[in-house]
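Colleague: I have a chain open on my screen and would like to go through its fold with you. Could you take my questions as they come?

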Amino acid sequence: MNEEGKLTGVSCKSCRATMSPPRPVCSRCLSTDLEWLELPKVGRIVAFSEIHVANDAFQSSVPYVVAIAELGEIKVPGIVKGAEIGQLRVGSNIRVETREASARESSTNDLSQPAYWFRLVS
Ligand SMILES: [Zn+2]
């Protein structure tokens, strides 16, 4: 995620693969000729699950719902806030919401304050 609270990735100029989070080398063809890509703030769910057992940092927040959302060409994992698992479907539309830059400077391991999350849109 960049300073403006937008999710970012990279696009490989050699093979056109897209990746997020950004990395210096293409994971498909090992090219270093990559360009920045700003991910759309809306997408759709391609998989989801409810977490009941988490590691120590997240256990106090269970149960919570996680999903993989397709944002443009890139699939990104995230927590779904404000929804029960029964409300989710593969194909459900979501929007990406991000923590404000000032809040992001504090703890990054706090599940109640992730850097970004998904919210269902009707
Ligand atoms: Zn490539």
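Colleague: In which sense do strand S1 and S2 pair, and over how many bridges?

Modeller: Strand S1 (residues 8–12) and S2 pair in the antiparallel sense over 2 bridges, where two strands pair if DSSP finds at least two bridges between them. Within that pairing, Thr18 in S2 is the bridge partner of Ser11. Please keep in mind that this is a predicted model, in which local features need pLDDT of at least 70 and side-chain atom pairs count only at pLDDT 80 or more, while totals for chains, interfaces and linings use all residues. Residues are numbered from 1 along each chain as its sequence is written.

Colleague: Which sheet does that pair sit in, and which strands are at its edges?

Modeller: The pair belongs to an open sheet of 3 strands in the order S2-S1-S3, with antiparallel pairing. Its edge strands are strand S2 (18–19) and strand S3 (34–38), each of which pairs on one side only.

Colleague: Stepping back, how many helices and strands are there, and what is the pattern?

Modeller: The protein chain has 1 helix and 8 strands, and along the sequence these follow the pattern β-β-β-β-β-β-β-α-β. Both kinds of element are DSSP runs numbered from the N terminus, with helices being H or I of at least four residues and strands E of at least two.

Colleague: What does S4 pair with?

Modeller: S4 and S5 pair in the antiparallel sense over 7 bridges, and one of the facing pairs there is Ile51 opposite Tyr64 in S5. Strand S4 (residues 42–51) is also joined to strand S7 (residues 93–98) by 3 bridges, again running antiparallel. On that side, Arg44 has Asn93 in S7 as its bridge partner, and Val42 has Arg95.

Colleague: And which strand does S7 meet through 5 bridges?

Modeller: That is strand S8 (residues 116–120), which runs antiparallel to S7. Ile94 stands opposite Leu120 in S8.

Colleague: What is Glu97 in contact with, beyond its sequence neighbours?

Modeller: Leaving aside neighbours within four places in sequence, Glu97 is in contact with Tyr116, Trp117 and Arg119, a contact being two residues whose C-beta atoms, placed from the backbone, lie within 7 Å. Lys81 is 16 residues from Glu97 along the chain, and their C-alpha atoms are separated by 9.5 Å.

Colleague: Changing topic, how much of the chain is buried, and which residues have the most contacts inside the largest nonpolar core?

Modeller: Of the 122 residues, 18% count as buried. The largest nonpolar core has 14 residues, and those with the most contacts inside it are Ile45, Ala67, Ala69, Leu71, Val80, Leu88 and Phe118. Strand S5 (64–71), strand S6 (74–80), S7 and S8 each supply at least two residues of this core, and S5 gives the most, with 4 residues. By such a core I mean a set of buried Ala, Val, Leu, Ile, Met, Phe, Trp, Tyr and Cys residues joined through C-beta atoms within 7 Å.

Colleague: Which residues does Leu88 touch?

Modeller: Not counting residues up to four places away in sequence, Leu88 touches Ile45, Phe48, Val65, Ala67, Val80 and Ala83.

Colleague: Last topic, backbone geometry: which peptide bonds are cis?

Modeller: The bond from Ser20 to Pro21 is cis, with omega near 0°, and Pro21 lies in the loop between S2 and S3. The bond from Val62 to Pro63 is also cis, with omega near -10°, and Pro63 is in the loop between S4 and S5.

Colleague: What about the phi of Arg16 and of Leu30?

Modeller: Arg16, in the loop between S1 and S2, has a positive phi near 70° although it is a residue other than glycine. Leu30, in the loop between S2 and S3, also has a positive phi, of about 70°, and is not a glycine. For background, most residues other than glycine have a negative phi, and most peptide bonds are trans. Arg16 counts as exposed because it has 11 C-beta neighbours inside 10 Å, and Leu30 counts as exposed because it has 10.

Conventions:
A residue is buried if 20 or more other C-beta atoms lie within 10 Å of its own, exposed if 12 or fewer, and partly exposed in between; C-beta atoms are placed from the backbone.
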